[in-house]
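Work through the exercises below with the sequence and the 3D structure open. Each task is followed by a solution in steps.

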Amino acid sequence: MIPRPEQALLDLAGRLGSRVLPELTDPYTIADTGIITMLLGMLAKELASGTARRLEDGEDIRVLFEAATHAPGADDRAAFSASRPADLTLSEVNTWLDRGLSLLTDLHAWAEDEDAALDRAIWDWLGRHTERHRFD
């Protein structure tokens, strides 16, 4: 059998929501159980696609960096663009992406005053990034 941890979390969340929650009477316990149910669903989504979404973020950041060779810090951005995560575990992809996001933050601070088109492109990316990581 192939383990499917995201499905296991969704099943647990469903069971809490459909079997346990209706039996509760204490409002605080109801609220806590609702939050746990929601968090299990969020964790399932992260297990299912978190790495892919972060890799997509990294690819989009590379495109922004390619458009900003005239801005300070180009060497650091080029080094990030040439890099890859050490492996495809979520923690390693997070570590890799954190570097790109830090460089993007610095670039955005510069672009706000120096390059209106790049500033707009970064804001557009932030909108896509937010939507990509939205929990339903």
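**Exercise 1. Salt bridges**

How many salt bridges does the count come to, if a salt bridge is a side-chain nitrogen of Lys or Arg within 4 Å of a carboxyl oxygen of Asp or Glu?

Solution. Some conventions come before the count. This is a predicted model, in which local features need pLDDT of at least 70 and side-chain atom pairs count only at pLDDT 80 or more, while totals for chains, interfaces and linings use all residues. Residues are numbered from 1 along each chain as its sequence is written, and side-chain values use heavy atoms, with hydrogens and water left out.

Step 1. By the rule above, the count is nine salt bridges.

Step 2. Take Arg 132, which is paired with Glu 56 at 3.4 Å between the closest N and O atoms. Arg 132 belongs to helix H5 (residues 116–132) and Glu 56 to helix H2, so this bridge ties together parts 76 residues apart in sequence. Helices here are DSSP runs (H or I, at least four residues), and strands are runs of E (at least two), numbered from the N terminus.

Step 3. Classify the two partners by relative accessible area: buried is under 20%, exposed is over 50%, and partly exposed lies in between (1.4 Å probe, protein chains only). Arg 132 is buried because its relative accessibility is 13%; Glu 56, at 41%, is partly exposed.

Step 4. Arg 53 and Glu 46 form a salt bridge at 2.8 Å, N to O, and both residues are buried. Glu 131 and Arg 134 also form a salt bridge, with the closest N and O atoms 2.8 Å apart. Glu 131 is partly exposed at 46%, and Arg 134 is partly exposed at 41%.

Step 5. Look for shared partners: Glu 56, Asp 57, Asp 60, Arg 128 and Arg 132 are joined by salt bridges into one network.

**Exercise 2. Elements and overall form**

Describe the secondary structure, dimensions and burial of the protein chain.

Solution. 

Step 1. The protein chain has five helices and zero strands, in the order α-α-α-α-α from the N terminus.

Step 2. Its radius of gyration, taken over C-alpha atoms, is 20 Å, whereas a compact globule of 136 residues would be near 14 Å. That globule rule is 2.2 Å times the number of residues to the power 0.38. The C-alpha atoms fill a box of roughly 60 × 35 × 15 Å along the principal axes.

Step 3. Of the 136 residues, 29% count as buried.

Step 4. Consider contacts (heavy atoms within 4.5 Å). Among those with a separation of 6 or more, 60% are between residues 24 or more positions apart.

**Exercise 3. Confidence**

Solution. pLDDT is the predictor's confidence in each residue, from 0 to 100. The chain averages 94, and 99% of the residues score at least 70.
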